[in-house]
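These are notes for a colleague who is opening this structure for the first time. Please keep the sequence and the 3D view at hand while reading the points.

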Amino acid sequence: MRKGATLVEVMMAVAVFSLVATGVLMVFRVADSAWNVDGALLEMQQGVRQSMNNMIREIRQAKKETGRDMAIGADFRSIEFFIPGYPQAVAYYKQDDQLIREHPVGTTQVIANNIDEATFCCLGGATCSDCSSASQVRNQIDARKLVRGRSSTYSLD
């Protein structure tokens, strides 16, 4: 009666185990990469959405309660307006790849990163930059992020 396994049987078992373990590790590696990429892109999208919501809330206050006009930059990449209770204007603009909120003058805060484009337009006036009789303001933010060689864009209007 034999006890134990032969060297050939042990080597075959090790080879089969190695193949199975390699396959499982490859699946985990792909899943981890997808998790990290999707997490980074989700973070970008949430940042853009949150910054847009904050900006919209402030812009809605501007015209209704202050009676002062908004100003859109000549390149449509900046907006300036007044909110109730503050004598100085609030400004939003794109600088490098960031969306900046400036209030008071000289005090800046980064509110979103990975910004590819930010445009502003007053609707209802004679031109896009004429906010004197505007009934609406159109904001558009385009973000782009490169994560592990995969580029993704997100646009919010």
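1. A salt bridge here is a side-chain nitrogen of Lys or Arg within 4 Å of a carboxyl oxygen of Asp or Glu. With that cut-off, a search of the whole structure, which is a predicted model, finds four salt bridges. In general, side chains of opposite charge can pair when their charged atoms come close.

2. Which side chain does Glu 58 meet in a salt bridge? Its partner is Arg 101, with an N to O distance of 2.6 Å. Glu 58 belongs to helix 1 and Arg 101 to strand 4 (residues 98-102), so the pair links distant parts of the chain, 43 residues apart. Both Glu 58 and Arg 101 are buried.

3. Arg 77 and Glu 117 form another salt bridge, and their closest N and O atoms are 2.6 Å apart. This pair also links distant parts of the chain, 40 residues apart: Arg 77 sits in the loop between strand 1 (71-72) and strand 2 (78-81), and Glu 117 in strand 6 (residues 115-123). Arg 77 is partly exposed, with a relative accessible area of 35%. Glu 117 counts as partly exposed too, at 24%.

4. The side chains of Asp 157 and Arg 138 meet in a salt bridge at 3.0 Å, N to O. Asp 157 is in the segment after strand 8 (150-156), while Arg 138 is in strand 7 (residues 136-147), so the pair ties together parts that lie 19 residues apart in sequence. Is Asp 157 buried or exposed? Asp 157 is exposed, because its relative accessible area is 58%. Arg 138, at 34%, is partly exposed.

5. The whole structure holds one aromatic pair by this search. The ring centres of Phe 81 and Tyr 92 are 6.1 Å apart and the ring planes are at 15°, so the pair is stacked. Phe 81 lies in strand 2 and Tyr 92 in strand 3 (residues 90-95), so parts that are eleven residues apart in sequence are tied together. Phe 81 and Tyr 92 are both buried.

6. Next, the nonpolar interior. In soluble globular proteins, nonpolar side chains tend to be buried together. The largest nonpolar core in this model has 29 residues, and those with the most contacts inside the core are Met 55, Ile 79, Phe 81 and Ile 115. Helix 1, strand 2, strand 3, strand 6, strand 7 and strand 8 are the elements that give two or more residues to this core. Which element gives the most? Helix 1 does, with nine residues.

7. Ile 79 is worth a look in the viewer. Leaving aside neighbours within four places in sequence, Ile 79 is in contact with residues including Ile 59, Met 70, Val 90, Tyr 92, Phe 120 and Val 137.

8. At 41% relative accessibility, Val 24 counts as partly exposed.

9. Most residues other than glycine have a negative phi, and most peptide bonds are trans. Phe 76 has a positive phi of about 65° although Phe 76 is not a glycine. Phe 76 lies in the loop between strand 1 and strand 2 and is partly exposed, at 30% relative accessibility. Asp 96, also not a glycine, has a positive phi of about 55°. Asp 96 is placed in the loop between strand 3 and strand 4, and with a relative accessible area of 64% Asp 96 is exposed.

10. Which peptide bond is cis? The bond from His 103 to Pro 104 is, with omega near -15°. Pro 104 is in the loop between strand 4 and strand 5 (108-113). At 34% relative accessibility, Pro 104 counts as partly exposed. The C-alpha atoms of Pro 104 and Lys 3 are separated by 84 Å, and the two residues are 101 residues apart along the chain.

Terms used. Residues numbered from 1 in each chain as written. Predicted model: local features only at pLDDT ≥ 70, side-chain atom pairs only at ≥ 80, totals over all residues. Heavy atoms only, no water. Buried < 20%, exposed > 50% of the residue type's maximum accessible area, 1.4 Å probe, protein only. Helix = DSSP H or I, 4+ residues; strand = E, 2+ residues; numbered from the N terminus. Phe/Tyr/Trp six-rings, centres within 6.5 Å; stacked < 30°, edge-to-face > 60°. Core = buried A, V, L, I, M, F, W, Y, C linked by side-chain atoms within 4.5 Å. Contact = heavy atoms within 4.5 Å.
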